[in-house]
Amino acid sequence: MADNSTRRCISSFFLVGVPGLQDLHCWIGIPVCLLFSLTLLGNSSIIVTIRLEPSLHQPMYFFLCMLAVNDVALASSTAPKMLGIFWLDAHCTDFDMCLAQMYFIHTFCIAESALLVAMAFDRYVAICMPLRYTTILTTPTVSKMGLAGVTRAVLMVLPGPLLIKRLPCYTQYVINHAYCEHMAVVKLASADTRVNRAYGISVALSVMVLDLGLIATSYIKILQAVFRLSSQNARSKALGTCAAHVCTILVSYTPALFSFLTHRIGKKVPPSVHIIFASSYLLVPPAVNPLVYGVKTRQIRDRVIGLFFPKRKISEN
């Protein structure tokens, strides 16, 4: 008992929400609720549509289905607690529950990044090696790629909570954030946290540099292949198949990069701005991704319309 008391001086944390905007929490909860509802509805529609429509049982749509499942999990690990803070004043969270939320949030974020890499590879094979597409991206291969992305995320994030557990004492308990974020928790420790900080920045940089590098390499190869096509119509059609994925990449990585940079070098950025961007990174992409693929991908759009309006004639080419 004495050892546990020394190891962790507090048993719970107090999540502030959005510092400086506490009076507006009730209103801030409205877009959070809307985004969460849109995430559940949109991604569930994508999952059900791909599951029920045999013509969508292709690698591209399998990856999209994995992304939808991951988006639901990511939003579900964040939004309910946020709504509890904004609407119910449920600011307190148990120490272990905080670590669990932190673990799942970062795991799903890294898994999402891996899925975006897999989807970029899918487009690369489809455009650069179309005759070998079905032999390279078989169903077992797609499953292994998804499993590899999840395994990488699980193993990369696992040291985070374990390193936090090893810190000898927490004398501060107020987290100026809307959820349990790694660095926000580490800063509360009354101990040398250089190992924790080094771990956090190394994981973030390795994931961003590696994944963005692989995505960029795929699209450089894609562009080289597209511009070798003689037909303008063929070029437009090839690039059109990548439009939804490019939009998803921009939606996912832009707030992530801004949040990462402001957290470490943006000393003059108000805390409220940082918290809003950090929260947007977790809530906006899961809500927007189904809309992007629904608008940009005719097969998904037509099948979703058919799902909700079965009597409506589905357009086919």
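**Ground rules.** I am working with a predicted model, where local features need pLDDT of at least 70 and side-chain atom pairs count only at pLDDT 80 or more, while totals for chains, interfaces and linings use all residues. I number residues from 1 along each chain as its sequence is written, and side-chain values use heavy atoms, with hydrogens and water left out.

**Entry 1: the patch.** I looked up a nonpolar surface patch of about 700 Å², made by Leu24, Trp27, Ile30, Leu34, Trp87 and Leu88. Patch residues have over 30% relative accessible area and no salt bridge; like charges are joined within 9 Å and nonpolar side chains (Val, Leu, Ile, Met, Phe, Trp, Tyr) within 5 Å. A salt bridge here is a side-chain nitrogen of Lys or Arg within 4 Å of a carboxyl oxygen of Asp or Glu. The areas come from the Shrake-Rupley method with a 1.4 Å probe, and for residues only the protein chains shown count as cover.

Which helix gives the largest share of the patch? I found that H2 does, with three residues. Helices H2 (25-52) and H4 (79-88) each supply at least two. I take helices (H or I, at least four residues) and strands (E, at least two) as DSSP runs numbered from the N terminus.

I then picked Trp27, which is found in H2. Trp27 counts as exposed because its relative accessibility is 61%; the cut-offs are under 20% for buried, over 50% for exposed, and partly exposed in between.

**Entry 2: a kinked helix.** Helix H13 (residues 271-296) has 26 residues and reaches 36 Å from its first C-alpha to its last, close to the expected 38 Å. The expected span is 1.5 Å times one less than the number of residues. I also noted a kink of about 35° in H13, centred on Ser280. The bend is the angle between axes fitted to the seven residues ending at a residue and the seven starting there.

**Entry 3: cysteines.** How many disulfides does the whole structure hold? My search gave one, counting cysteine sulfur atoms within 2.5 Å as a pair. Cys98 is joined to Cys180, S to S 2.0 Å. Cys98 lies in helix H5 and Cys180 in the loop between strand E3 and helix H9, so the pair ties together parts 82 residues apart in sequence. Both Cys98 and Cys180 are buried.

Note on methods: Buried < 20%, exposed > 50% of the residue type's maximum accessible area, 1.4 Å probe, protein only.
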